[in-house]
Amino acid sequence: MSNDPSTSTLEDYQDTINSTITPTPTTTTSASASSHNSSLSKSQSAIQSLSTILPSLPPSISSSSNPARSLLHDHHTASHISSLLRQPDSGAGDNNLCRWLYDTFQSSDPDLQLLVLRFLPIIAGIYISRVALRVPLAGFEAVLLALYAHETATRSGHSITVSVPDLSHPSLYHETKAPTKNNSTGLNLPVISSSLEPYGTVRSTRRARIVGVALELYYSKIHEMPVQSKIEFCEFCSVWAGQDGEMYKEMTGSSCSSRSERKEEDGNGEKVGSIPLPWELMQPVFRILGHCLLCPNQNKELVDKGSEACRSLYARSMHDIDPKAILATGSLLRLTKQALDSNDEFDPTEIPKSRVISV
């Protein structure tokens, strides 16, 4: 060891700097543990509240390290909740299950919010189907408004746009004889979802927008949703369409069974009239159906239900003469047929081989 005092001082200085800039792992671990404990406490509290509504909750859910995730994928409990949501008085303002769904989503815990979104297809499906019946639906509306407010706050009210190349400008990969005169210099930004305004109540003019935004939130988490939740969504799309799409069955080549008369009924067997399907509601519906039909690791029942819903919506769009809906549903049907045809090796980038020269 050197006896030079200057060397000793330099080493002490370096040790001091290293101890200052080196992060302390104990602090990070403590914060992570605190966050996990907070999430676990919220989940256990939500499960305990749910047990007053569903006394038959499996004990394994409460003892799980992540109760919210366990409940999300528990088929028996989900079926019980779904049956309660389909009861005639399920959407009333004093309904305990609607109140639980509202409070659970307001907990701000991501896993609990995901659990509430799992039942959105039933909530939105029954709500839209019962609006014309003029029955109390304040419970469903409270849940939908909570989802809408969450998405509004997340997006700060801004619209969602996508940048598309402007075909009015010359291509970078082709030569032009003369520069194209064009005063348009801005980006071409089609609006995927328009800007959001804060709403505290559901009115007839806002209903489709509020439900549509809730479905947009569902679509953003759809990769985490159980298959049964997506199947329920497809079933309610068929109910909303109110049209028999069996005549278009050859467009998908699906092997699903014949349609039943439930198409004219809601989830409770109550007769419903023609349901308005504005574009602001159908836009997220088509995105969700696209996932159900074309997602990786496809489930056969889900594909069949999605094809059935798409055919019904195609029939409805033909009945209403809605060009945008006809284009969207027709494209989904053709893409589904290509995906289901195991012998179809079509590649859109491949040049077709032919000995015939077309002039």
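Start by selecting E151, which is buried at 10% relative accessibility; buried means under 20% relative accessible area, exposed over 50%, and partly exposed in between, with a 1.4 Å probe and protein chains only. The model is a predicted one, in which local features need pLDDT of at least 70 and side-chain atom pairs count only at pLDDT 80 or more, while totals for chains, interfaces and linings use all residues. Residues are numbered from 1 along each chain as its sequence is written, and side-chain values use heavy atoms, with hydrogens and water left out.

The side chains of E151 and R155 form a salt bridge, with an N to O distance of 3.9 Å. A salt bridge here is a side-chain nitrogen of Lys or Arg within 4 Å of a carboxyl oxygen of Asp or Glu. Both residues sit in helix α9 (residues 138–155), 4 residues apart, or about one turn of the helix. Helices are DSSP runs of H or I with at least four residues, strands are runs of E with at least two, and both are numbered from the N terminus. R155 is buried, with a relative accessible area of 10%.

Next, select K305 and E235. Their side chains meet in a salt bridge at 3.7 Å, N to O. K305 belongs to helix α13 (residues 300–320) and E235 to helix α11 (residues 227–241), so this pair ties together parts that are 70 residues apart in sequence. E235 is partly exposed, at 22% relative accessible area.

Now go to D111 and R69. Their side chains also form a salt bridge, at 3.0 Å from N to O. The pair links distant parts of the chain, with D111 in helix α7 (residues 110–117) and R69 in helix α4 (residues 67–72), 42 residues apart. D111 is buried at 16% relative accessible area, whereas R69 is partly exposed at 28%. The salt bridge count comes to 9.

The last stop is T201, in the loop between β2 (191–193) and α10 (207–220). T201 counts as partly exposed, because its relative accessibility is 43%. Which residues does T201 touch, not counting those up to four places away in sequence? Select L145, R206 and I210; contact means heavy atoms within 4.5 Å. Finally, show A142: its C-alpha atom is separated from that of T201 by 8.4 Å, and the two residues are 59 residues apart along the chain.
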